[in-house]
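Subject: Structure handover

Hi,

Here is the structure I promised to pass on. Please load it before reading the notes below.

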Amino acid sequence: MNYGYFDEKAKEYVITRPDTPSAWANYLGSPEYGAIISNNAGGYSFVKSGANGRVIRYRFNSVAMDQPGRYVYLRDLEDGDYWSASWAPVCKPLDSYKSECRHGTAYTVISSEYKGIAATTAYYVPKDATYEVWNCKITNNSDKPRKIAVTGYCEFVNDNNYEQDQVNLQYTLFITHTYFKENFILQKQNETQHDPNGERFFGLAGAKVDKFCGDRDKFVGPYRSYANPIGAIEGLNGDLNYCDNSCGALESDVTLAPGETKVFTYLLGQKPEAEAKKIIAKYEDAQTVEKELAELKEYWHSKLDNLVVKTPDENFNNMVNVWNAYNCFITFTWSRAASFQYCGLRNGFGYRDTVQDIQGIIHLAPEMAADQIRFMLSAQVTNGAGLPLVKYTHTPGKENHPDENDENSVYAKQTGHPSYRADDALWLFPTIYKYISESGNIAFLDEVVSYANDDESGTVYDHLKRAIDFSMTHLGNHGMPAGLHADWNDCLRLGKKGESTFVAFQLVYAVKILKKYALLKNDAEYVAYLDEVNAKLDKILGECWNEDRWIRGYKEDGTVIGNRKDPEASMWLNPQSWSVIADFGTKEQQEKAMDSVERELNTPYGAMVMYPAYENHAFDGALMVCFNKGVKENAGIFSQPQGWLILAESKLGHGNRAYKYWTEAAPATYNNDAEKRVLEPYVYGQFVEAKDSPFAGRAHVHWLTGTASTVMVGTTEGILGLNPEAEGIVIDPSIPSEWKNYSLRKVFRGKVLNVTVNNPNGSEHGVKSVTVNGEKIEGMLIKDCILKAENDIVIEM
């Protein structure tokens, strides 16, 4: 079933049916003030932290679903009928209620019409602001005057911390008090303690407040819900809370002539009284909203316009040009902190997550990426490892860190992470390489960045050396990197002596990158050391080949994980794809390994992370056995590795197969089968249920996933073949043979590349010639020095 469509020109996804299979969301704001909003106005807001900065309340995994939110209630004062400007929470019959939601880049517009009254509400956080705006336009489309009560509503939290707010009720129900201040409700928390972060406001500009309410329970009424709140049905009575639960509810009673529109601009934020008044006053100017929305669109569209493709596949275009890109920016900003599944329990950045997330925006905003790389380098410990969890308030040089001899260390108690992960710091290599190659900023290697745990600093080059050193000082029984607490797969606990082929392939890749930089710096002694490391890995990893696949690793007792004869978990995805990405082994081995993936792991919805599922033969470190079969790490289709799979097939020149995997993973593919996928058809999720599940194809955990960045990299570097290098850029596509022609526009180091790719013979891979501004060049490297401000490039396949 279809619930909406892509509007690529406007860079929006348009939801035409409000009864979506799940709450389809969008993100508003910035790291200073974030908000998530659904197609029915459900959601919540927070200042800096989804865990400790909540402004309004949201109930996760609840019945009724997706509540509460940012509501505007409408009531006909003549016949008493009432409804909401978003379909939910009132949910009028859809044969009489028209609804449309447009999710855009950091704004959402929800429009509706019922009984001749149209409502259009634009929700957004102004650029560089720390509050939000709901701009609601009510229009009388009937042929007679209408008297309408318009009531804006939100439910405040009682405590900034989401867990305290919803669990520690013997405390939080007795610390709030609301006041009415002419055109806004002011909530105060811990008033007697003069809490500087304890004031919230909900105000109205552009219209008079006729009635108000600051008490949630008086607004809703006993044994009622947000579908039939007494305050929306009978009007507000000036109730204010003292203890229990607070809200902001502001009612305006208006008369609309036929064709007349009135505008109500609601403002919400965590601000003291004086600041709230100034913010509300700003929106008495009706032009403010239009200017701010235009500024938001310009900001985001200018970033997305740094790569625009035009291929024969509209789904591909929509994902690359808008939604995969925007998904990358949102994940880059919020890591795994705040969604409709991530409630805010993780109060910081996961090291591996964030360093990988950076990769997804490098081609669009390299300097924004560089700032985050510096931040993550400053969260690297002097031993070379990354802090598993990096606090938002991270202070370089002052951080506690895991104690390898004490899983109950201060850091473990603070963060819940008892020890290091094998892969964390190794993600620095592809990320830094991609940044330097995209920007041409070789000098980045010489920038000095502090370490996390003491006053020591080092160059970026030094940080990379220490990352290698961490792996080489944490080896298992066979001499491969130890799996430690996790090796990307958080359900694979290999310990200090168990080993991971996946991390070993990462290390091979890292050594190759660092050798390039060591040669550039004439660091001959270190080049020789890296050659020794590479030779050792080449020998050890060579023994991990198992007929037609690479094993997953070794348990601490030396038993093989992922032997092809094992009754369970005999085939694993990541070692196969990463052998290709690291360019390890023979071409025959790479081809065989990837053939095994297609034969044993692929499904119509993507490739499973391993198979068969663990059930009766799991070892102690195989924690994924806790999950149902075909779910998450237990033979589910974990979505992040799909990007590596796309990249690996592209590197082998398998354009058709790379595109097939892209299509299987792409949310847009399922736009007309949305009730099966359930999640939004415009953003990636964490995983999809696989063939052992009775609900194969159902996706879970939206938006905040490393899938966004890995698929973007697999798409841009792999399928499109856009591979920057220090001296310029190579364009070497691996495309489906059915694509006979496509074009793209890329901004590269401030210069515009207008690229046309001609494929008259239906090739999957292989460049015959490259023409730059009318001149054929030797080879495929388009040197930066020959590029003009605007360039026409023709690739003949």
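Ground rules. This is a predicted model: local features need pLDDT of at least 70, side-chain atom pairs count only at pLDDT 80 or more, and totals for chains, interfaces and linings use all residues. Residues are numbered from 1 along each chain as its sequence is written, and side-chain values use heavy atoms, with hydrogens and water left out.

Core. The largest nonpolar core holds 252 residues. A nonpolar core here is a set of buried Ala, Val, Leu, Ile, Met, Phe, Trp, Tyr and Cys residues joined through side-chain atoms within 4.5 Å. Buried means under 20% relative accessible area, exposed over 50%, partly exposed in between (1.4 Å probe, protein chains only). Phe219, Trp323, Trp662 and Trp703 have the most contacts inside this core. Its largest share, 13 residues, comes from helix 13 (residues 501-520). Helices are DSSP runs (H or I, at least four residues), numbered from the N terminus.

Aromatics. Rings of Phe, Tyr and Trp (its six-membered ring) pair if their centres lie within 6.5 Å; planes under 30 degrees apart are stacked, over 60 edge-to-face, the rest tilted. That rule gives 62 aromatic pairs. Tyrosine 58 and phenylalanine 60 pair edge-to-face, at 5.4 Å centre to centre and 80 degrees between the planes. Tyrosine 58 counts as buried because its relative accessibility is 4%. Phenylalanine 60 is buried too, at 18%. Phenylalanine 502 and tryptophan 578 are also edge-to-face, at 5.9 Å and 65 degrees. This pair links distant parts of the chain: phenylalanine 502 sits in helix 13, tryptophan 578 in helix 15 (residues 573-581), 76 residues apart. Ring pairs also build a cluster, with Tyr3, Phe6, Trp323 and Trp703 among its members.

Helix packing. The axes of helix 9 (residues 366-377) and helix 11 (residues 428-439) come within 10 Å and cross at roughly 145 degrees. Axes are lines fitted to C-alpha atoms, for helices over the stretch in contact; angles run from 0 to 180 degrees between N-to-C directions. Contact means heavy atoms within 4.5 Å. Among the contact residues are Ala370 and Ile373 of helix 9 and Ile432 and Tyr435 of helix 11.

Phenylalanine 332. Buried or exposed? Phenylalanine 332 is buried, because its relative accessibility is 7%. Phenylalanine 332 lies in helix 7 (residues 314-334). Beyond four places in sequence, phenylalanine 332 touches Phe349, Asp357, Ile358, Ile361, Met368, Ala369 and Gln372.

Best wishes

Key
Helix = DSSP H or I, 4+ residues; strand = E, 2+ residues; numbered from the N terminus.
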